[in-house]
Structure formats: C-alpha cells, structure tokens
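These are my notebook entries on what I looked up in the structure, kept in the order in which I went through the topics.

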Amino acid sequence: VQLQACGGGLVQAGGSLRLSCAASGSIFSINGMGWYRQAPGNLRELVADITSGGTTTYGDSVKGRFTISRDNAKNTVYLEMKSLKPEDTAVYYCNAAIRRSIIDRISEYWGHGTLVTVSS
C-alpha cells in the first residue's frame, strides 16, 4: 500500500492550495484518512481528518480556512487550504487507516509528505 501526496508548493499569504493524496495497492477498505503537518523544530500535528462516513475533525489553527474531503471510489483524500498564513508553512503528510484484506487488521500508513511554503 502506498500513499502518494501532491499539490504542495509556494504561495503568497492569503492564497490557496489544494492537496490530494491517493492510496494505491492491495486495499480492502479504508477507515479514517487525514492530513498532518510538521514545521521545522515542531512536532507533527493534526491538520484535519475524515472518517469513512464523512465526519471531519480540524486542528484549531485551521478551522474555517481548510476543508478536508475524500472520494471513496478513488481512495483519495483532499485538503483545500484557503487564506494561507506564513505559519501554515510545513511539510504536509497524508495518513490513512487501511485494511489490506478481509483477514488483515487495520494498519496506519503515511505518505512521504509534500512541502507547503507560504510567503509573507
């Protein structure tokens, strides 16, 4: 199983970016999917996550500016980021809880990360 994230880049403060992350490989089902971020010198923190049923959770610093969504048919999770601030600068990692087959337990997978840089 692999998670491939894309969509990062350089944007000015106040701008927008959309990240996407597709899961591929041997997948029976996907439970929660989410986005985390890690800025230099900081711990990795939750940005947002979404259950298979569509229930969402957001980190306090992104509420009202970021929107997480998923396409279950494509095994893909998205993060729409608006009103970006310099403090949003970080490497963004996607995460998914995946069951590879009906007999496997659910395991957590991480993408390699995509860099988002917000200039002031």
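**Cysteines.** I began with Cys6, whose sulfur is 8.4 Å from the closest cysteine sulfur, that of Cys21, which is too far for a bond, since I count a disulfide as a pair of cysteine sulfur atoms within 2.5 Å. Cys6 is partly exposed, with a relative accessible area of 41%; here buried stands for under 20% relative accessible area, exposed for over 50%, and partly exposed for what lies in between, with a 1.4 Å probe and protein chains only.

I note for all entries that this is a predicted model, in which local features need pLDDT of at least 70 and side-chain atom pairs count only at pLDDT 80 or more, while totals for chains, interfaces and linings use all residues. Residues are numbered from 1 along each chain as its sequence is written, and side-chain values use heavy atoms, with hydrogens and water left out.

My search of the whole structure found one disulfide, which joins Cys21 to Cys94 with an S to S distance of 2.0 Å. Cys21 lies in strand E3 and Cys94 in strand E9 (residues 90–99), so the pair ties together parts that are 73 residues apart in sequence. I read 50 degrees about the S-S bond, and the link of Cys21 and Cys94 is right-handed. Both Cys21 and Cys94 are buried.

I listed zero helices and eleven strands for the chain, where helices (H or I, at least four residues) and strands (E, at least two) are DSSP runs numbered from the N terminus. For pairing I required that DSSP find at least two bridges between two strands.

An open sheet of four strands has the order E1-E3-E8-E7, and its pairing is antiparallel. Strand E1 (2–6) and strand E7 (66–71) stand at the edges with a single partner strand each, so one side of each is left without a neighbour in the sheet. Neighbouring strands of this sheet are turned by 15 degrees against each other on average, direction ignored; the axes are lines fitted to C-alpha atoms, for helices over the stretch in contact, and angles run from 0 to 180 degrees between N-to-C directions. Within this sheet I followed E1 and strand E3 (residues 17–24), which pair in the antiparallel sense over five bridges, and I found Ala5 opposite Cys21 in E3.

**Two hairpins.** Strand E4 (residues 29–38) and strand E5 (residues 45–50) run antiparallel and are joined by five bridges, with Arg37 opposite Glu45 in E5. Six residues lie between the strands of this hairpin of E4 and E5, and there Gly41 takes a positive phi near 80 degrees. E5 pairs in turn with strand E6 (residues 56–58), in the antiparallel sense over three bridges, and the bridge partner of Ile50 in E6 is Thr56. The hairpin of E5 and E6 has five residues between the strands, and in it Gly54 takes a positive phi near 100 degrees.

**Strand E11 and its partners.** Which face of strand E11 (residues 114–119) is covered, and which is uncovered? I found Thr114, Val116 and Val118 on the covered face, and Leu115, Thr117 and Ser119 on the uncovered one. Strand E2 (residues 9–12) pairs with E11 in the parallel sense over four bridges, Val118 in E11 being the bridge partner of Val11. E9 and E11, by contrast, run antiparallel and are joined by three bridges, and Thr114 in E11 is the bridge partner of Tyr92.

**Asp88.** I placed Asp88 in the loop between strand E8 (76–81) and E9, where Asp88 is buried, with a relative accessible area of 0%. Leaving aside neighbours within four places in sequence, Asp88 is in contact (heavy atoms within 4.5 Å) with Arg37, Arg65, Phe66, Ser83, Val116 and Val118. Val116 and Val118 belong to the covered face of E11.

**Whole chain.** A compact globule of 120 residues would have a radius of gyration near 14 Å, and the chain has 14 Å, which agrees; the radius is taken over C-alpha atoms, and the globule rule is 2.2 Å times the number of residues to the power 0.38. The C-alpha trace spans about 50 × 25 × 20 Å along its principal axes. Buried residues make up 36% of the 120 residues, and of the contacts with a separation of 6 or more, 55% come from residues 24 or more positions apart.
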